[in-house]
Amino acid sequence: MISRSLTAHITKTHLSAFQSPSLYQNLIIQSTTSIHSHSLSSLSSSQDYDYPQTLNQKDWLSPNEVVKIFQTLKNPNSALSVFTQISNRKDYKPNEALYSAVITKLALAKNFDAIDVVLARIKSEKGLCRISETFFYNVIKIYGNVAGRVDRAIETLFDMPNYGCWPTVKTFNFVLNLVVNSKRFDVVHEVYLGGCKLGIEIDACCLNIMIKGLCWRGDFDAAFKVLDEFPKQKCKPNVRTYSILMHGLCDRGKVEEAFGLLERMERENIEPDTITFNILISGLRKQGRVDEGIEFLHKMRLKGCGPNQATYQEVLYGLIDANKSVEAKDFLSRMISEGVSPSFDSFKSIIKGLCKKNLMEDVDWVLKQMVRHGFVPRRGMWKQIIRCLFSGHGSYACFPIAEILEN
């Protein structure tokens, strides 16, 4: 459960905007009012749909046959109308599979208001069938990822007990992460504190999400307080925890503090992974400390952590940013020899730098490697190469470059 110390800290520093009634209680009241203002029949009558002939038969339809009707429905906009017809049959027997099939079709039709109506119907039929957490998890994903209705996702989470279903930490963390990723910092702490009412046992993933949100806000004091909260919650910080903090610090230019966390990880016997090292190398690059980035790449290998494409790319971009085109070309050669494919922008930027130094032999080598890796040089790049070729001190310098580029 959420400890009193963290709750008090968050309440003191972030919850001044929540003196009014609870957010999710207001959302539930507003949504319920909205849902009851639209009858099921009025929504269904306004839709054109392909009417399944199976519904005209007098024979008894099994639950599997009813689900199949929705799975084979060609027009998803007709889902609610068909559901209305099925619910009026004497053999209507609601079940989770049926509800899921209807909501899946409504999501395809982007008819999210109709999903609200179906959920209201499910609540009114509570006791006729049991609804699992997986069902609500999928509905919340639709609201959050497809509909972009974050408030509705929050409301559904806190309304689950009214359907006779309590969420686990998996669903709770999904909603919390959705709120953070949507940068809804005005509600994230109330959602977090609301976990107590849902009986949620806070885990490391939940605390990591909170740290991510606080880092995005730039509130590192609160983020470190959450880090200190792990033992109180009987949780252990993991490599993901520290990587999130390091990423936030590096984004704000606090690279030295990020490296301090690396030392703390070692003291706590938490092994950094490739992502951790990439974050720190990226932080060094942003400060123009490319030589330290290369040195850190060597240390990374010594610690038994293998670099990936992103690692090499960060170092390469650092050399390019520092206008070290020759060193970048040599590092590019190293990448290729180790089976790492550089990006198109890498080839483009290195060629640009080499052209400025009139190093045509190096340009020729990079150009050939670029083509071998499946990239096609564009017109602007060819202009740079031709300009370099004909403005040097060789025999090509006598040609009128402006005329060549125009042609």
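Colleague: At what angle do helix 12 and helix 13 pack?

Modeller: This is a predicted model. Helix 12 covers residues 204-217 and helix 13 covers residues 220-229. Their axes lie 8 Å apart, and the packing angle is about 170°.

Colleague: Which word describes helix 12 and helix 13 relative to each other: parallel or antiparallel?

Modeller: Angles over 145 degrees count as roughly antiparallel. Helix 12 and helix 13 pack at about 170°. The pair is therefore roughly antiparallel.

Colleague: Is the crossing of helix 12 and helix 13 left-handed or right-handed?

Modeller: The angle of about 170° describes the packing. Handedness is a separate item. Helix 12 passes helix 13 in a crossing that is left-handed.

Colleague: Which residues in helix 13 meet helix 12, and how many residues of the contact are nonpolar?

Modeller: Helix 12 brings Leu207, Ile211, Leu214 and Cys215. On the helix 13 side are Phe220, Ala222, Ala223, Val226 and Leu227. By class, the contact has no polar and no charged residues, and the nonpolar count is 9.

Colleague: How far apart are the axes of helix 7 and helix 8?

Modeller: Helix 7 spans residues 112-124, and helix 8 spans residues 133-146. They pack at about 160°, and are therefore roughly antiparallel. The distance between their axes is 12 Å.

Colleague: How many charged residues does the contact of helix 7 with helix 8 have?

Modeller: Helix 7 passes helix 8 in a left-handed crossing. Phe112, Ile115, Asp116, Leu119 and Ile122 of helix 7 make the contact with Phe135, Val139, Ile142, Tyr143 and Val146 of helix 8. By class there are 9 nonpolar and no polar residues, and the charged count is 1. Asp counts as charged, and the helix 7 side includes Asp116.

Colleague: Is Ser349 buried, partly exposed or exposed?

Modeller: Ser349 sits in helix 20, residues 344-356. Buried means under 20% relative accessible area, and exposed means over 50%. Ser349 has 29%, so the class is partly exposed.

Colleague: What is the C-alpha to C-alpha separation of Ser349 and Ile320?

Modeller: In sequence, Ser349 and Ile320 are 29 residues apart. In space, C-alpha to C-alpha, the separation is 6.9 Å.

Colleague: Over which residues is the pLDDT below 50 or under 50?

Modeller: The protein averages a pLDDT of 86, and 82% of the residues score at least 70. One stretch below 50 has 17 contacts beyond near neighbours in sequence; another under 50 has 15 contacts beyond four places in sequence. Where pLDDT is low, the predicted coordinates should not be read in detail. The stretches are residues 10-21 and residues 393-405.

Note on methods
Residues numbered from 1 in each chain as written. Predicted model: local features only at pLDDT ≥ 70, side-chain atom pairs only at ≥ 80, totals over all residues. Heavy atoms only, no water. Axes fitted to C-alpha atoms, helices over the stretch in contact; angles between N-to-C directions. Helix = DSSP H or I, 4+ residues; strand = E, 2+ residues; numbered from the N terminus. Parallel < 35°, antiparallel > 145°, perpendicular 65-115°, else oblique. Left-handed = near helix turned anticlockwise from the far one by under 90°. Contact = heavy atoms within 4.5 Å. pLDDT = per-residue confidence, 0-100. Buried < 20%, exposed > 50% of the residue type's maximum accessible area, 1.4 Å probe, protein only.
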